[in-house]
Amino acid sequence: MSHTPVAPWILGLTGGIGSGKTAAAERFATFGIHVVDADQAARWVVEPGQPALAQLAAHFGAGVLTPEGHLDRAALRARIFADAGERRWLEALLHPLIGRAIERSLASATSPYAIYASPLLVETGQRRGAQRVLVIDVPEALQLARAQQRDGASEAQVRAILAAQASRAQRLAVADDVIVNDRDLAWLHHEVDRLHAFYLSLAGGHS
Ligand code: ATP
C-alpha cells in the first residue's frame, strides 16, 4: 500500500500590533509547525543578492542603499513619502515577489499544517489559501503597553498604527479561533498547546 503525502492545510494567524502573534507563532514552531511570516518575507525579498534590491537601486539611485549595500529603509521611505506614483511603482515591484516568497515557503511545509502569520491578513484580504484563521486578541490597553515596551515607542506612535489597522471587531468577524492574550506568557502557551492538539485532529483545517 502506498501513501500519497497530504499537503498541509494552512492556518492564518493574525492580530493587531503587539497582540502576541510572534509569541504565539514561536510556540507553534516548538511543535515543528512550519511558520511563514509575512513581515519576514517582505524583508527577505530586498536582501542583498535578491533581484529586487538591484531594481530598487536602478530606479531610485544608489542613495537608497547603505554603504554596505543593504536597503536603507529610511531613505526609501523619504523617496516615496510624498509621491503616490513612486509608492505604486514600489508596490507593483514588491507585492508579487513577497506573495511568491510566501507561497513557495508554505508549499515547502512538511508539518501537518502550516501557519501564515500576517498582521494585515484582514486588511489585505489575502489569506494565502488559509482554511482557518486564528486571531490573537488583546484589550487595547494591554496592546498599547506591550507594543510601547517592546519597541520603545510612544503611546501616540502605537495609537497611529492601531488606527491604520483593522478594528478588533473586524478581525474577530473573520476568526475561526480566538486566543485572548490578556494573561501571562504561560497562559498564551497553554492556549496554543490546546489549539495545536485540536488542529492535529482536523483534516484540511475543518472538523
Ligand atoms: P507586531 O505585529 O507588532 O509585531 P505581535 O503581535 O507579533 O506584534 P509580539 O511581538 O508577539 O506581538 O508581542 C508583543 C510584546 O508583548 C512582546 O514583547 C511579547 O514578548 C510581549 N507579550 C506577548 N504576549 C504576552 C503575554 N501574554 N504576557 C506578557 N508579555 C507578552
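This is a predicted model: local features need pLDDT of at least 70, side-chain atom pairs count only at pLDDT 80 or more; totals for chains, interfaces and linings use all residues.
**The cavity**

On a 1 Å grid over the protein atoms alone, a cavity is a set of points where a 1.4 Å probe fits but cannot get out; lining residues have an atom within 4 Å of a point. Grid points are joined across faces, edges and corners, and a volume is the space filled by probe spheres set on the points. Residues are numbered from 1 along each chain as its sequence is written. Local features need pLDDT of at least 70 and side-chain atom pairs pLDDT 80 or more, while totals for chains, interfaces and linings use all residues, and side-chain values use heavy atoms, without hydrogens and water.

Select G15, G16, S19, I136, D137, V138, Q143, R168 and R171, which line the largest cavity. Its volume is about 30 Å³. Colour β4 (132–137) and α9 (168–174) next: each supplies at least two residues of this lining. Helices (H or I, at least four residues) and strands (E, at least two) are DSSP runs, numbered from the N terminus.

How many residues of each class form the lining of the largest cavity? There are two nonpolar, four polar and three charged residues. Here Ala, Val, Leu, Ile, Met, Phe, Trp, Tyr, Cys and Pro count as nonpolar, Asp, Glu, Lys and Arg as charged, and the others, Gly among them, as polar.

**The two domains**

Now colour domain 1 (8–33 + 111–200) and domain 2 (38–110) separately; such bounds come from an automatic or database domain assignment. Their centres, taken over C-alpha atoms, are 25 Å apart. Across the boundary, 11 residues of domain 1 are in contact (heavy atoms within 4.5 Å) with eight residues of domain 2.

**Helices α3 and α5**

Select helix α3 (residues 51–60) and helix α5 (residues 84–107), whose axes come within 11 Å and cross at roughly 170°. Axes are lines fitted to C-alpha atoms, for helices over the stretch in contact, and angles run from 0 to 180 degrees between N-to-C directions. The two helices are therefore roughly antiparallel to each other, a term for angles over 145 degrees; those under 35 count as roughly parallel, 65 to 115 as roughly perpendicular and the rest as oblique.

Show the side chains of A52, Q55, L56, H59 and F60 in α3, which meet E86, W89, L90, L93, L94 and L97 in α5. This contact comprises eight nonpolar, two polar and one charged residue.

**Helices α4 and α5**

Finally, select L76, R79, I80 and F81 in α4, which meet E86, R87 and L90 in α5.

Technical notes. On a 1 Å grid over the protein atoms alone, a cavity is a set of points where a 1.4 Å probe fits but cannot get out, and a pocket is an open set with protein on both sides within 12 Å along at least five of seven lines; lining residues have an atom within 4 Å of a point.
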